[in-house]
Structures are given as structure tokens and as C-alpha cells.
Amino acid sequence: MSKLSMGAGTQLLSALPAPKQDTSSLYDFSNDPWFRDRVEQSKPPAPKIKQVPPYGKRAGFIPRRVEDFGDGGAFPEIHVAQYPLHMGRKEEKNDAKILPVSVDASGKIAFDAIVKQSENASKTVYSQHLDLVPKLPQDVDMKDEDEEIQETTDRTKAAFEKIVHARVSAAQPKNVPTQSLDASYIKYTPSQQSAAFNSGAKERVIRMVEMPKDPLEPPKFKHKRVPRASGSPPVPVMHSPPRPVTVKDQQDWKIPPCISNWKNPKGYTIPLDKRLAADGRGLQSVQINDNFAKLSEALYVAEQKAREAVEMRSKIQKELITKEKEKREEELRLLAQKARQERAGGGAMNAERAAVAPSADVHMPTARKVEEFDRGVDREEKVRETKEEKEMRLKREAIREERRREREREKRLEAKEGHTGKKSKITRDRDRDISEKVALGMANVGTGEVMYDQRLFNQDQGIQSGFATDDTYNIYDKGLFTTHSAMSSLYRPRKDADTEVYGGADEQLEKVLKTDRFRADKGFAGATERAGPRDRPVEFEKDQDEADPFGLDQFLTEVKKGKKALDKIGTGGTLRASAGSAMKESYEGGSNRSRVEFQRGR
Amino acid sequence: MRRLPSKWPRPVWHPPWKNYRVISGHLGWVRSIAFDPGNEWFCTGSADRTIKIWDVGSGQLKLTLTGHIEQVRGLAVSPKFPYMFSAGDDKQVKCWDLEYNKVIRSYHGHLSGVYCLALHPTLDVLLTGGRDSVCRVWDMRTKAQVHALSGHENTVCSVITQATDPQVVTGSHDTTIKLWDLAAGKSMSTLTFHKKSVRALARHPFERSFTSASADNIKKFKLPKGEFLHNMLAQQRAIVNCLAINEENVLVSGGDDGSIWFWDWRSGHNFQQTQTIVQPGSLDSEAGIYAMSYDITGTRLVTCEADKTIKMWKEDEKATPETHPVNFKPPKEIRRF
């Protein structure tokens with residue numbers, strides 16, 4: 001193309017008049033990159049191609065440089081890596097991550113160059129074995145001079161000032177620099193100075209005005225947080241690796257997994273011994289303080305003492321009471337006797353006896369003495385005492401005897417109950433207050449049943465309701481207290497039972513004796529028909545059926561009759577069980593439980 | 001190879017320390033302590049959320065300050081101003097005015113509990129480290145956070161400051177110690193010599209070195225580069241919670257199990273091992289030292305303990321090198337861990 005243009009150009013150029021200006025003042029295109037591609041430039045002369053030794057004469061020739069190859073390529077018969085025109089050479093990677101091996105001043109390879117690169121270059125890094133070796137304690141130089149301190153302080157303070165000022169003023173934005181719309185002028189002298197640029201002017205003045213910022217404009221850029229750059233490069237570790245843990249140590253530090261008594265979020269099934277293992281129950285033996293035993297012993301002893309004291313007190317009291325009672329009884333007896341004597345005979349003799357009688361203390365001997373006296377009196381005053389009086393006396397004595405027996409019984413019961421305080425059934429509820437009996441539930445209150453006042457009923461029946469007066473108290477049909485004592489359960493015939501209903505006592509006796517209740521309607525099977533009392537020994541008959549225990553003969557004879565009498569042999573008295581839903585015809589209730597039905601054997 | 005044992009310096013004789021006073025008044029563990037620069041009183045912060053101020057000479061309680069809502073983990077008293085600084089588990093860092101006994105400033109910014117607190121000796125700057133694994137540098141007056149020294153991977157549990165570079169040294173639960181350039185807010189060096197978390201750091205009062213304590217060892221380092229010097233010659237096999245150094249070169253370390261070991265600084269020889277006795281009414285397992293500090297003179301040591309007491313220790317006057325001989329055997333083989 002250049003040749004073509006040259007061809008056309010030369011003709012044209014020759015036709016045009018010669019230029020007036022000197023070409024030297026014109027711009028030098030040769031360095032212009034645009035022109036370099038298009039305009040042919042005078043290149044330096046081609047390098048002289050070295051003559052390559054011809055084939056056959058290349059012994060010992062090793063091409064190392066580009067010109068050794070001459071015009072051609074690699075020599076296959078020379079077994080050396082060859083790169084004609086640098087072709088085939090692997091790219092030299094300028095990897096920043098690969099450090100070249102360097103050697104320190106004494107010729108040894110500096111292995112810690114890795115550690116001391118980049119940021120660590122400015123820091124002190126200890127990487128040598130010598131740094132680890134303990135040094136002899138020498139006199140270390142004493143503390144710093146004041147100058148050094150002062151200099152350091154000033155330097156640091158200055159640095160801090162800036163930072164603090166920045167922070168503080170940032171925190172208090174008093175002086176926010178506002179936009180100034182004043183123009184500023186800049187004089188600029190460009191480096192390329194010629195008539196082509198800037199119309200030949202040597203300098204330019206530029207007017208700079210701040211672009212007016214819209215105050216309501218939202219921020220243009222989003223400030224993103226940049227993750228912190230990683231810390232300083234790692235430093236060699238100047239100690240031996242941690243010692244391997246011994247088995248004992250490892251076991252000492254073993255922490256068992258936590259098995260909570262409350263939470264089990266993953267729902268693990270943990271055996272019971274593991275659940276309790278963490279509790280530490282087996283590890284602690286419960287220590288009971290000795291004072292417990294001492295306390296209980298002391299209480300026991302105190303209780304015993306108290307009981308003894310109480311018993312003694314009660315015994316004494318009882319004795320006192322009995323003495324009182326006897327005294328009073330005695331007095332009453334004397335009074336009664338006195339009264340009788342006065343009734344029966346003269347007062348003089350009574351005065352004598354009355355004087356003698358109170359001297360006795362104990363009741364029993366007194367009674368005997370008195371009785372003797374009485375009998376004596378009796379004998380003496382046989383004439384005076386009438387039959388009625390004797391009867392009355394005997395009655396009184398009987399009563400007295402009864403009372404004495406009662407008292408002895410009471411004393412016996414009390415003694416039996418004794419110090420334990422455990423009353424027998426008889427004595428237990430005898431002395432209870434009625435409110436206590438009601439509270440205990442011995443009262444026969446009808447449970448929830450509605451009780452109507454009996455006076456409400458039979459109000460208009462009149463005579464038909466029966467022969468009861470208005471004030472008959474028939475509200476209650478049973479007694480209030482359900483006493484189970486022998487006293488209430490034993491039957492005591494009362495004298496004034498309704499003779500009209502049941503007949504008099506004699507009639508009742510007749511009824512009881514001459515009853516036919518215990519006479520059988522029919523006699524015993526097999527026995528003779530004699531109903532009266534025996535007058536001769538019982539007659540037995542020999543058993544007829546011994547030869548034929550199962551009654552087969554009878555079976556044979558009676559089978560035609562169709563009697564079912566003998567079918568019952570061997571079946572009676574059993575209880576056959578039948579179970580299963582098939583057996584059951586009816587479906588009772590809601591449960592499907594297979595019920596076993598027991599049927600009596602036929 | 002140099003034979004280290006023969007060259008190892010013999011330890012200086014120090015009299016043994018004994019407990020002479022027990023102060024009980026706190027209702028929870030006593031977690032932090034700071035001394036007044038005038039040596040009149042000291043203050044202790046406790047798990048019962050109070051800060052109590054005690055008289056040094058008599059041990060009487062002077063004042064109780066309430067305001068924190070969680071354990072008070074760090075305390076410092078400023079030598080220049082009448083201020084006391086306290087930091088707690090409730091993320092609060094408070095500045096108390098001791099003339100009015102009130103909180104005047106609060107430094108807000110920690111994301112989690114604050115475990116340690118230190119005051120810069122020359123600048124008016126406060127440094128706190130906590131569970132957010134960052135040591136924050138606060139300007140005292142404006143309450144602004146100047147730097148957040150980040151780089152640790154776990155809780156920062158101890159911090160010390162000094163006037164020259166590195167101005168801040170922090171120890172963390174990630175077992176590293178970092179030395180920081182405070183002006184730039186960047187770490188200068190990371191020391192990975194410990195195997196367990198570095199719970200205590202202590203700077204020597206006049207030498208250019210510091211010690212760090214962790215559960216495996218107590219190590220000594222040289223400043224400003226943080227070169228490892230040597231381990232202490234015995235291993236207190238307990239979690240060491242606190243360190244304190246005297247002007248007489250007595251280093252004391254307090255363990256979580258109540259063991260207090262006294263060391264000669266220069267040689268690293270342990271000359272006394274004691275165990276605190278819990279106050280009556282406490283369980284035996286409640287023996288533990290959480291913080292300790294020497295007073296300004298260095299003659300009295302005050303330990304803050306887990307049985308809610310504060311114990312004061314002093315050197316036994318009656319002890320002599322004859323009664324308490326130095327039982328030192330130079331280390332034949334220095335184990336390098």
C-alpha cells in the first residue's frame with residue numbers, strides 16, 4: 001500500500017510547488033504512534049545473520065542465543081533445549097507468592113525470609129534457634145535517659161493530637177465546611193508547547209468553580225463496610241509443641257456428657273443407671289448426727305418419767321377418791337341405819353351402834369361388821385322387825401351386793417386398762433360425752449334420707465292411726481347410738497312388755513314351751529314312722545344298694561321309663577365353666593370382654 | 001560449648017516474707033489493686049462490684065465506691081492528677097475524681113469485659129485491654145479512643161506501659177506477647193515464647209527488661225526488642241495470675257491455687273514458696289491470688305485473694321542468711337521450652 005501511495009504521491013508532489021516552510025518546524029511524526037504504523041520508517045539495518053555451521057559439522061555447537069539459530073529453527077541432532085526466537089520457552093511467572101531463596105551475609109540460606117517478608121519486614125521477628133536459647137543474666141542497661149523519653153513523648157503526643165482532634169471534631173461537627181461558590185483561577189503551563197496547541201500561548205488560565213451541590217440530593221454512594229484486612233503475617237512459634245497428654249491426665253480431665261434430669265431435647269433413650277450416674281447418690285454416704293439419737297433417748301426417758309409421775313398422781317387421786325366415796329357411803333349407811341333404827345326401835349340403842357359404826361374405815365369389814373350387827377340386831381330385835389322389814393332389808397342388801405359387784409367389776413376393768421390407757425370395748429364408749437359420740441359417728445343418723453316429722457302424718461286418720469296419745473314420741477324408731485356393747489345386744493326381758501299384743505308372761509311361756517316349730521313336717525326318709533320319743537334303741541336297716549353302687553340294674557330297668565333320675569349321677573355338685581362368645585347368646589352391656597359363665601352341673 | 005552453670009550468677013540473699021495482716025471486708029473475690037503514689041492508701045476492686053480504699057498503715061477501710069455493675073478487674077491511680085481509673089467486666093472504664101469521690105468520665109468503646117488497665121507514665125493516656133482481644137488507647141481528657149491495638153486473637157489479659165518504645169506491651173490468652181509502637185498504633189514485635197496464656201506482665205523499675213508469667217513458665221525479656229533472656233529457674237506449676245517487682249530485685253508471683261513464690265530477679269532463683277491460708281469460714285479450695293502489688297517503697301506487698309481477703313506481707317526482720325540459707329544449685333541444663 002505504501003508503494004502505491006508512493007507511486008501516486010511522487011507524481012502529485014512533483015506537480016505541486018515547493019513548500020515554503022521548513023519541515024523542521026513541523027511536528028515530528030516519527031514518534032507519533034498513529035503514524036508509526038502507517039508511515040514507513042527507516043529501520044535500522046537488519047542484523048547480520050550469523051552463519052550456522054552446516055549439517056555434519058555441528059559437533060560441539062550448542063545454540064544458546066537467538067542469533068545462533070541463524071535464519072532457521074532448532075537443531076534436532078543437538079540434544080539441548082533450544083528456543084529459536086524464544087519460542088517454546090515457558091512463561092516466566094512473576095508470582096508474588098513465591099519468594100526467591102536468598103542467602104544471608106555469611107552464605108547460609110535465609111530460611112526465615114518467608115517470615116520476614118511484607119509486613120513483618122519492619123518488625124522484629126524471632127526465628128532463630130539462638131533466640132530461644134537462654135542467655136546468661138547480665139547487667140542489663142539501666143533505664144532510659146530523659147532525652148529519649150522526652151523525644152518519644154513528643155512524637156507520640158503529636159501523633160495523638162491529630163487523631164484525637166480528628167475524632168473529637170468529627171464528633172462535634174461545628175465547622176462543617178460549606179460550599180463556596182467563588183471561582184478560583186489556576187495558571188497552567190503545559191509541557192507540550194508549540195504553535196499547534198493552545199494557539200501558541202505558553203500558559204493557560206483555568207477557572208475552577210465548585211459544582212453546585214443540590215442540598216436535598218441523597219448521597220450518591222453507598223458506603224460499604226470493607227472486611228478488615230487480615231492481621232499481620234504469622235510469626236514462628238518459639239516453643240516446643242505441647243507435651244502429649246498422658247493417659248492419666250486425659251482421664252483426669254474427662255468430663256462425662258451431661259444427662260439432664262429435666263431436658264432431653266433430642267429425645268435420647270438413656271439407660272437408668274446413666275440417668276442417675278450424674279446424681280452422685282452413691283458417692284455420698286448419709287451421715288446422721290449423733291444428736292438425733294441423743295434427742296430421741298432423752299425424749300424416751302422424759303416420757304417414761306412423765307408417765308410414772310402421772311400414774312402415781314392418778315393412783316393417789318384414785319385412792320383419795322375411793323376413800324372419799326367409802327366415807328360418804330359409810331355416812332349414808334349410818335344415816336340409813338339410824339333412820340331404820342329410829343323407825344324400828346328406841347333411840348338409845350341406836351346411839352350406841354351409831355357410835356360404834358363410824359369407827360370402821362374399810363368398807364368391806366364395815367359391811368360385814370354391820371351385817372353382823374344387823375344379824376345381831378336381827379336376833380335381838382327379831383320380835384321388832386316384821387317380815388316386810390326383813391324383806392326390805394334383804395332387798396337392800398341384795399342391792400348393796402349388786403352394787404359391790406358392780407364396783408369390783410369396774411375396778412377390775414380399770415385395773416385391766418391400767419397404765420396403758422387402752423380401754424376395752426365395754427369401758428371405751430361408756431364415759432364418752434354425747435357430742436363426742438356424735439362426732440365419732442356412733443349416732444345412728446339416717447344418711448341423707450329425708451326424715452319427716454311424724455306429726456305430719458296421720459293427721460286426719462283419727463282413731464285409725466292407732467291408740468297413741470298426742471304426746472307419744474314416735475319420731476325415732478331406733479336408738480341414737482349404735483352401741484355394740486353386750487349390754488345393748490343382750491336381750492333383757494322387760495317386765496312391762498305389751499301384754500295385749502303378745503299376751504302375758506304366762507301365755508308367752510306357754511307358747512315357747514309348747515311350740516311346734518322344731519317338729520318336722522315329715523319324718524326322716526328311711527326311718528320308721530314313729531313320731532314319739534324313743535323307748536327303745538334306734539333300729540338300723542341294712543343298706544340295700546351296696547352290691548350295686550352305680551345302680552346299673554336300676555338304670556337298665558328304668559331306661560325305658562325315660563326317667564332322668566340316674567342322669568344326675570356324677571354330675572351333681574360341679575360348677576362347669578363355659579366361656580367364649582359363641583356360648584354367649586346375648587350381648588350385654590358395652591364390654592366385649594369374654595365372660596366366663598359358670599353353670600351348675602346338672 | 002560454654003558451660004552455662006558455672007557462669008550463672010549466684011542469687012542475692014533476700015529475707016523471707018511473712019504475712020502480718022489480713023484485711024477482710026470485701027464480699028467477693030478481690031480482683032485488682034492500685035496504690036496511691038503518696039503511699040497513704042491503696043484501693044482494691046472486687047467481684048462485689050465495689051472499690052474499697054484502705055489505709056496502708058492501719059489497714060482500716062476509708063471509703064467504699066460503688067458504680068460498677070460487674071467485677072472490677074483493673075485499677076490505676078494517676079500520679080499527676082487526683083484521678084483513679086477503674087475497669088470492669090461490665091465494659092465500663094471509669095475515671096473517678098478522688099476529691100469528690102465521683103465518676104467524672106467514662107470511656108466507652110469496649111465491646112466486652114475489660115480485664116486490665118494501665119496508665120502511661122508520661123502521656124495523659126490510658127490503656128485498657130479486654131475480652132474483645134484489643135487494647136484500646138484512650139485520651140484521658142477527651143475520652144476519645146486514640147488507637148485500638150488489634151492483632152491478638154484472644155483476650156488481652158495484661159498490659160504494661162513505659163515511656164520509651166515499645167511503649168505498650170500486652171499479654172494475651174492466645175499465648176503471645178506483643179510489643180506496640182504507640183504512635184503508629186501497630187505492633188512492633190510478637191513474642192511467642194509461652195505455651196499458655198500470659199496472664200501477668202511486670203516491668204522492672206529501673207532495668208530495661210520485663211517478665212511475663214504464664215502457667216508453664218515465668219520468662220524474662222529484654223526491651224526494647226523483646227529478646228528472650230531466660231526462664232525462671234523453677235516452675236510454679238499453677239496458673240500465675242499476677243506478678244510484682246520490687247526495687248530490691250524481688251519478684252513475686254501469685255498463683256490461682258494460692259501459692260506465692262518469691263524469686264531473685266537477676267538469677268531467677270526461687271528463694272521462698274508459701275501458700276496462703278484461707279480465712280476461717282472459707283473452703284480450702286478458695287485459696288487463690290488474683291492481684292498483688294508492692295507499695296511505693298517496695299517494703300510491703302499486698303495480695304488480693306479469692307477468699308475475699310487482702311493480705312499484707314513484709315520481710316521477716318529476724319531472718320538472717322544463716323537461718324534461711326540460700327539453697328541454690330545452678331541449672332545444669334537449661335531447659336528451653
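Predicted model: local features only at pLDDT ≥ 70, side-chain atom pairs only at ≥ 80, totals over all residues.
Residues are numbered from 1 along each chain as its sequence is written, chains are lettered from A and ligands numbered from 1 in the order in which they are written, and side-chain values use heavy atoms, with hydrogens and water left out.

## Chain A

The secondary structure of chain A comprises 15 helices and four strands; helices (H or I, at least four residues) and strands (E, at least two) are DSSP runs, numbered from the N terminus. Contact denotes heavy atoms within 4.5 Å. Among the contacts in chain A with a separation of 6 or more, 39% are between residues 24 or more positions apart.

N120(A) is located in the loop between α2 (33-38) and α3 of chain A. With a relative accessible area of 2%, N120(A) is buried. A polar atom of its side chain lies 3.0 Å from the backbone oxygen of V115(A). Beyond its neighbours within four places in sequence, N120(A) is in contact with V115(A), V125(A), S232(A), P233(A), P234(A) and V235(A).

## The interface of chains A and B

The contact draws 50 residues from chain B and 42 residues from chain A. The area buried between the two chains is about 4,100 Å², and carbon and sulfur atoms give 61% of it. Buried area here is the accessible area (1.4 Å probe) that two parts lose on being put together, summed over both.

Across this interface, 19 residue pairs are in polar contact, with both residues at pLDDT 80 or more. A polar contact is a pair of N or O atoms within 3.5 Å; within protein, one must be able to donate a hydrogen and the other to accept it, and residues adjacent in sequence count only if both atoms are side-chain atoms. On the side of chain B that touches chain A, the elements giving two or more residues are α1 (4-7), β12 (134-139), β13 (145-150), β16 (177-181), β17 (186-191) and β21 (227-231) of chain B. Of these, β17(B) gives the most, with five residues.

## Salt bridges

A salt bridge is a side-chain nitrogen of Lys or Arg within 4 Å of a carboxyl oxygen of Asp or Glu. The count over all chains is 27, and between chain B and chain A it is two. Several pairs are listed below.

| Pair | N to O distance |
|---|---|
| E148(A) and R208(B) | 3.2 Å |
| R155(A) and D165(B) | 3.1 Å |
| R519(A) and D516(A) | 2.7 Å |
| E317(B) and K314(B) | 3.5 Å |

R155(A) lies in helix α3 of chain A and D165(B) in the loop between β14 and β15 (168-172) of chain B, so this pair joins two chains. R155(A) is partly exposed at 32% relative accessible area, and D165(B) is partly exposed at 22%. R519(A) is exposed, at 58%, as is D516(A), at 52%. In the pair from chain B, E317(B) is exposed at 52%, whereas K314(B) counts as buried at 16%.

## Nonpolar cores and a buried histidine

A nonpolar core is a set of buried Ala, Val, Leu, Ile, Met, Phe, Trp, Tyr and Cys residues joined through side-chain atoms within 4.5 Å. The largest has 16 residues, of which F160(A), L127(B), V137(B), V168(B) and L182(B) touch the most other members. At least two residues of this core come from each of α3 (146-171) of chain A and β10 (114-119), β11 (125-130), β12, β13 and β14 (156-161) of chain B. Apart from it lies another core, of 15 residues, including I160(B), L179(B), F193(B) and L223(B).

H194(B) is placed in the loop between β17 and β18 (198-203) of chain B. H194(B) is buried, its relative accessible area being 0%. Its side chain makes polar contacts with the side chains of S212(B), at 2.5 Å, and S214(B), at 3.1 Å. Leaving aside neighbours within four places in sequence, the residues in contact with H194(B) include H239(A), T175(B), D216(B) and F221(B).

Technical notes:
Buried < 20%, exposed > 50% of the residue type's maximum accessible area, 1.4 Å probe, protein only.
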